[in-house]
Amino acid sequence: MSAHYDVVIVGGGIAGLSIASTLAGRCSVALIEAEQTLAYHTSARSARQLIPSYGPPVVQELTVRTLDLIAAQDAERPEPVLTPRSFMLIGDDATVRAEASGHMHRISHAEALELCPALVPDSFSAAGLDTGSFACNAPVLLEDHRRRAEAGGVDIITGARVHSAQRLGTGWELGAGQEGFQSAVVVNAAGAWADELAVLSGVEKLGLQPYRRTAAIVDVENPLPEACPMVAAADDSFYFRPDNGQVLISPAEHVPSGPEDARPYPGDIERLIARLNAITTLGIRGVRTAWTGLRTEAADGVPVMGFDAEATGFFWLAGQGGYGFQTSSGIAELAAGLILAGQGSAAASAVPPTRDASPASRTAEALAATRWSIRR
Ligand SMILES: Cc1cc2nc3c(=O)[nH]c(=O)nc-3n(C[C@H](O)[C@H](O)[C@H](O)COP(=O)(O)OP(=O)(O)OC[C@H]3O[C@@H](n4cnc5c(N)ncnc54)[C@H](O)[C@@H]3O)c2cc1C
């Protein structure tokens, strides 16, 4: 016997949990997660920063909306999710200018050194500052989504990998662990496994590519002031920020990977430590902990959100890349609107129709849905 729901969400990371809490109480929902714990994969491994100037324009708009939504809920939370922390880019004139956006303004070399006194002065010649950026308490945000979802009646099932999915009449039949689930809509929030889930559902994959990225917490001789911004190289070769007396560092690598429980590669962090010890006065002494996650991207680097054009009831919520937290609530709001309106509804049909069946066209349609909805 299968359990019946309006919507089954596959994946219990930030994408799955945020759409679950947004749909809670508005329709019947189950969320199925393969691991025993929610947010075991990339959503437990981020740098926990929300940066309005980071990413292409649609991502920047979704980030601003996400910040508004999280801030509104922070008023009700005992512990806030958001803490102001600026984001500073350093590099040369050309690289900083290339990354400039409406959310980032140029600052002088002297101003940059005042904000981050650990930088060796001749290690950069130009800087930009995004003062609308926030540190994100990711565990509190994830737990808050879980709590809101369950309070709104969402059934959350962990330790159950979806191993089969097929169209059945007007809906879907999924097998996960020993259980069966039927629903009108399947939400693919499977992160690095999103294309795998599509294939096992008989849906054409979109060519989503996971890329590994590592971060570490290191001990330093000269701690950064807690007010120091997150500092990133404009050529995307590293970033670092204060972390409760230690420093979080990342080599910002972008290396293709299969979907897996990613682990740091030997040498990545050691090479970054040597570089940071040359261009800062941090004096990095050792690594406390290091981790690697998978940033999964569509070919054009923009998240994929919308009903699949060919597979009725199959909804993509994937390809968030390095923006999964900063776009989470904004994307969930749009996704919930489309799901509740239903495939073929006025909202969905306002998207230009797909002209061919190629995976790229489905991505385009999903992205068009995002862009169309957000500009409405
Ligand atoms: C080092 C690093 C730093 C980052 N920093 C930031 C940052 O500062 N700000 C930001 O916004 N983003 C950041 N990101 C990106 C962000 O972490 C991701 O975009 C986000 O976590 C992706 O969430 P997700 O829910 O899509 O994927 P995941 O968290 O990976 O969740 C997908 C889930 O689906 C489950 N699943 C897969 N297949 C199945 C199946 N068949 N059945 C059941 N369950 C299944 C998996 O077990 C997994 O738990 C960073 C990423 C990395 C690696």
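**Reading the model**

A: A search of the whole structure finds 0 disulfides, a disulfide being a pair of cysteine sulfur atoms within 2.5 Å. This is a predicted model, in which local features need pLDDT of at least 70 and side-chain atom pairs count only at pLDDT 80 or more, while totals for chains, interfaces and linings use all residues. Residues are numbered from 1 along each chain as its sequence is written, and side-chain values use heavy atoms, with hydrogens and water left out.

Q: Is C116 buried or exposed?

A: The general idea is relative accessible area: buried means under 20%, exposed over 50%, and partly exposed in between, with a 1.4 Å probe and protein chains only. C116 has a relative accessible area of 0%, so it is buried. C228 also has a value of 0% and is buried.

Q: What does pLDDT say about the protein chain?

A: pLDDT is the predictor's confidence in each residue, from 0 to 100. The protein chain averages 92, and 91% of the residues score at least 70. Over residues 346-359 the pLDDT is below 50, and this stretch has 24 contacts in the model beyond near neighbours in sequence. Contact means heavy atoms within 4.5 Å.

Q: Where is Q60, and what does Q60 touch?

A: Q60 is in helix α2, residues 57-74. Its relative accessible area is 13%, so Q60 is buried. Not counting residues up to four places away in sequence, Q60 touches P52, S53, Y54, G55, S101 and H103. With S53 there is a polar contact: a polar side-chain atom of Q60 lies 3.0 Å from the backbone oxygen of S53. A polar contact is a pair of N or O atoms within 3.5 Å; within protein, one must be able to donate a hydrogen and the other to accept it, and residues adjacent in sequence count only if both atoms are side-chain atoms.

Q: Which residues come nearest to the ligand?

A: A residue is near a molecule or strand if one of its heavy atoms lies within 4 Å of it. There are 36 residues around the ligand, and E33, S43, G321, F325 and Q326 come nearest. A side-chain N or O atom of E33 is 2.7 Å from an oxygen atom of the ligand. For R48 it is a backbone N or O atom, 3.3 Å from a ligand oxygen. Q320 has a polar side-chain atom 3.4 Å from an oxygen atom of the ligand.

Q: How much of the ligand's accessible area does the protein cover?

A: Accessible areas come from the Shrake-Rupley method with a 1.4 Å probe; for residues, only the protein chains shown count as cover. On its own the ligand has 1000 Å² of accessible area, and the protein covers 97% of this.

Q: What is the phi of R48, and where does R48 lie?

A: Phi of R48 is near 60°, a positive value in a residue other than glycine. R48 lies in the loop between β2 (29-32) and β3 (49-50), and at a relative accessible area of 25% R48 is partly exposed.

Q: Which residues is A234 in contact with?

A: A234 is in the loop between β14 (230-233) and β15 (239-243), and is buried at 10% relative accessibility. Leaving aside neighbours within four places in sequence, A234 is in contact with L89, I90, T95, V96 and E99. D236 is also placed in the loop between β14 and β15, and counts as partly exposed at 40%.

Conventions. Helices (H or I, at least four residues) and strands (E, at least two) are DSSP runs, numbered from the N terminus.
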